[in-house]
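My notes follow in the order in which I checked them.

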Amino acid sequence: KMIEALEKMGPKAKEHILVYGPDNDQRLTGKHETADMNTWLYGVANRGASVRIPRETYHNGYGYLEDRRPASNIDPYVVTAKITQTILADVMGDSAAPAACVMSIS
């Protein structure tokens with residue numbers, strides 16, 4: 001399921017970048033342990049990827065993923081809603097995922 005979720009994020013990578021903070025063109029250059037903002041890449045223990053899968057998560061088949069693209073000053077609720085919408089859209093419908101996320105934090 002983890003890889004399925006990441007595969008869903010790939011086609012929406014440019015859409016996600018729009019909510020991942022200002023100045024991404026200066027920050028996500030591909031030179032400092034993350035992929036450039038126009039490249040979508042995930043990998044196990046790959047600090048140069050857009051999303052890193054920790055070794056333990058990969059071996060256990062569960063755990064966390066590290067999306068390395070959001071800036072430090074983003075709104076975490078907006079980013080979480082965007083990721084949730086992308087991953088769960090086929091299950092909950094395109095508009096249901098963000099609403100569910102907002103309801104859970106209110």
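I began with Arg69 and Asp67, whose side chains meet in a salt bridge at 2.9 Å, N to O; I count a salt bridge when a side-chain nitrogen of Lys or Arg lies within 4 Å of a carboxyl oxygen of Asp or Glu. Both Arg69 and Asp67 are buried, where buried means under 20% relative accessible area, exposed over 50%, and partly exposed in between, with a 1.4 Å probe and protein chains only. I note that this is a predicted model, in which local features need pLDDT of at least 70 and side-chain atom pairs count only at pLDDT 80 or more, while totals for chains, interfaces and linings use all residues. Residues are numbered from 1 along each chain as its sequence is written, and side-chain values use heavy atoms, with hydrogens and water left out.

I then looked at what else Asp67 touches, and found that its side chain makes a polar contact with the side chain of Tyr20 at 2.9 Å. For a polar contact I take a pair of N or O atoms within 3.5 Å; within protein, one must be able to donate a hydrogen and the other to accept it, and residues adjacent in sequence count only if both atoms are side-chain atoms. Asp67 sits in strand E3, residues 66-67; helices (H or I, at least four residues) and strands (E, at least two) are DSSP runs numbered from the N terminus.

Glu66 forms a salt bridge with Arg68, the closest N and O atoms being 2.6 Å apart. Glu66 counts as partly exposed because its relative accessibility is 24%, whereas Arg68, at 16%, counts as buried. Salt bridges that share partners join Lys12, Glu15 and Lys82 into one network.

Which residues of H5 are buried? I listed Val79, Ala81, Lys82, Thr86 and Ala89. At Thr86, H5 bends by about 45°, taken as the angle between axes fitted to the seven residues ending there and the seven starting there. H5 has 17 residues, but its end C-alpha atoms are only 21 Å apart, short of the 24 Å that a straight helix would reach; the expected span is 1.5 Å times one less than the number of residues.

Finally I looked at backbone angles. Asp23 has a positive phi of about 60° although it is not a glycine, and it is placed in the loop between helix H2 (13-17) and helix H3 (24-27). Ala45, in the loop between strand E1 (42-44) and strand E2 (51-53), has a phi near 55°, again a positive value in a residue other than glycine. For the chain as a whole, I recorded six helices and three strands, and 32% of the 106 residues count as buried.
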